[in-house]
Amino acid sequence: MRVVSGIQPTGNLHLGNYLGAIRNWVRMQDEMEEGSQCLFFLADLHAISMPYDPAELKSATLEMTAALVACGIDPSRSVLFNQAQVPAHSELQWLLNGTARMGWLNRMTQWKDKAGKNREGQSVALFAYPVLQAADVLLYQATHVPVGEDQKQHLELARDIAQKFNNDFASDDAPVFTLPDPYIPPEAARIMSLRDGTAKMSKSDPSEMSRINLADDADTIMKKVKKAKTDPEPLPSEAAGLEGRAEALNLVSIYSAFTGKSVADVLGEFGGQGFGAFKPALGELLVESLAPISARFRELRQDREALDAILARGAAQARDIGTPTLNATYQALGLVRG
Ligand code: TYM
């Protein structure tokens, strides 16, 4: 089993990232068997596909490293690194650009959402972004890729690219790439904005009130939960009663994800009660669950040297692990290299 996943180091780590992805990274790392390996990385190369500030990207990369370690990623058991220190990601992307089709990329919903009506004005990187994402996982022969629901389409594209490359350039008994499987948690795969139950919780939402950041202090968390958009009805006693109530479903799902109780059990407890009772309970649960993470984060983020060292060591390991696949790709394509 080879587990590979990444996160963009832009903005803060929020509840959607944590419940949709990072928590599963930690679980997979902790349950890893002998011979398996986990690689987790900061997708700093992906971050340059949208307008950004270089000085901020640098500090955000270190901060996100601290956040991942605070969540439980252990750099002595998992390979933790940033893409920019492993040139094989960019190299493999270029090699895969020959296999990826324009039509496939044109269908990506993230491209359509981010580009909006202004496709002509977007960077080539934003369009080619999913090919880099394919390179990220194919480079390491990933078998499992733990992500939130919003990354499913990108992972399907990675499989399509791998399949076409193997068909076009490798023999059936010696494929160059492994087809990666997305691992999307059955619960909490899509945490929604606290201001709009139809939009996903996202770092790029201009409203800070739309998301809970893992480093938010207790007062901020309570305030955001209390101000979260809801409807005037009390909570239903059964899950079917949440249909058509996106905001209520989102808050109950978050409660369920942190307690490990099913949605049905949460409603068994709170059904018939209004949000005046549920929101404080949810707020306290979040404060209690996130306190140890944010305390560790505040401590770790101070030590820039330690964070640099973690990334340097992880990158050296990642370069070694990726080398055979990169070499095999060049060879399969008939490219001459010294
Ligand atoms: P990014 O940085 O947007 O998000 C990191 C992870 O968090 C998940 N996520 C969510 N899950 C549930 N609810 C939400 N509201 C929510 N928001 C974010 C994402 O699904 C993701 O798993 N392109 C990727 C980064 C990437 C990557 C990769 C991932 C680059 N290369 C290779 C996997 C494999 C991204 O921008 O994720």
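A: On a 1 Å grid over the protein atoms alone, a cavity is a set of points where a 1.4 Å probe fits but cannot get out, a pocket is an open set with protein on both sides within 12 Å along at least five of seven lines, and lining residues have an atom within 4 Å of a point. Here the largest cavity is lined by M108, Q110, W111, L126, Y129, P130 and H154. The model is predicted, so that local features need pLDDT of at least 70 and side-chain atom pairs count only at pLDDT 80 or more, while totals for chains, interfaces and linings use all residues. Residues are numbered from 1 along each chain as its sequence is written, and side-chain values use heavy atoms, with hydrogens and water left out.

Q: How much space lies in the largest cavity, and which element gives the most to its lining?
A: Grid points are joined across faces, edges and corners, and a volume is the space filled by probe spheres set on the points. The largest cavity holds about 30 Å³, and the search of the whole structure finds one cavity of 30 Å³ or more. Helices (H or I, at least four residues) and strands (E, at least two) are DSSP runs, numbered from the N terminus; α7 gives the most to this lining, with three residues.

Q: Which classes of residue make up the lining of the largest cavity?
A: Ala, Val, Leu, Ile, Met, Phe, Trp, Tyr, Cys and Pro count as nonpolar, Asp, Glu, Lys and Arg as charged, and the others, Gly among them, as polar. The lining of the largest cavity divides into five nonpolar, two polar and no charged residues.

Q: What volume does the largest pocket have, and which residues are closest to its centre?
A: The largest pocket has a volume of about 1300 Å³, and of the 49 residues that line it, Q8, Q110, D150, Q151 and K200 are the closest to its centre. Helix α1 gives the most to this lining, with six residues, and by class the lining has 20 nonpolar, 19 polar and ten charged residues.

Q: Where does the ligand sit, and which residues come nearest to it?
A: A molecule sits in a cavity or pocket if more than half of its atoms lie within 2 Å of its grid points, and the ligand sits in the largest pocket. A residue is near a molecule if one of its heavy atoms lies within 4 Å of it; of the 28 residues around the ligand, Y129, Q133, D136, D150 and I191 come nearest. The shell has twelve nonpolar, eleven polar and five charged residues, and β1 (2–7), α1 (15–30) and α7 (124–138) each supply at least two of its residues.

Q: What is the volume of the second largest pocket, and which element has the largest share of its lining?
A: The second largest pocket has a volume of about 200 Å³, and its lining includes D44, K58, N82 and D308. The largest share of that lining, four residues, comes from α3.
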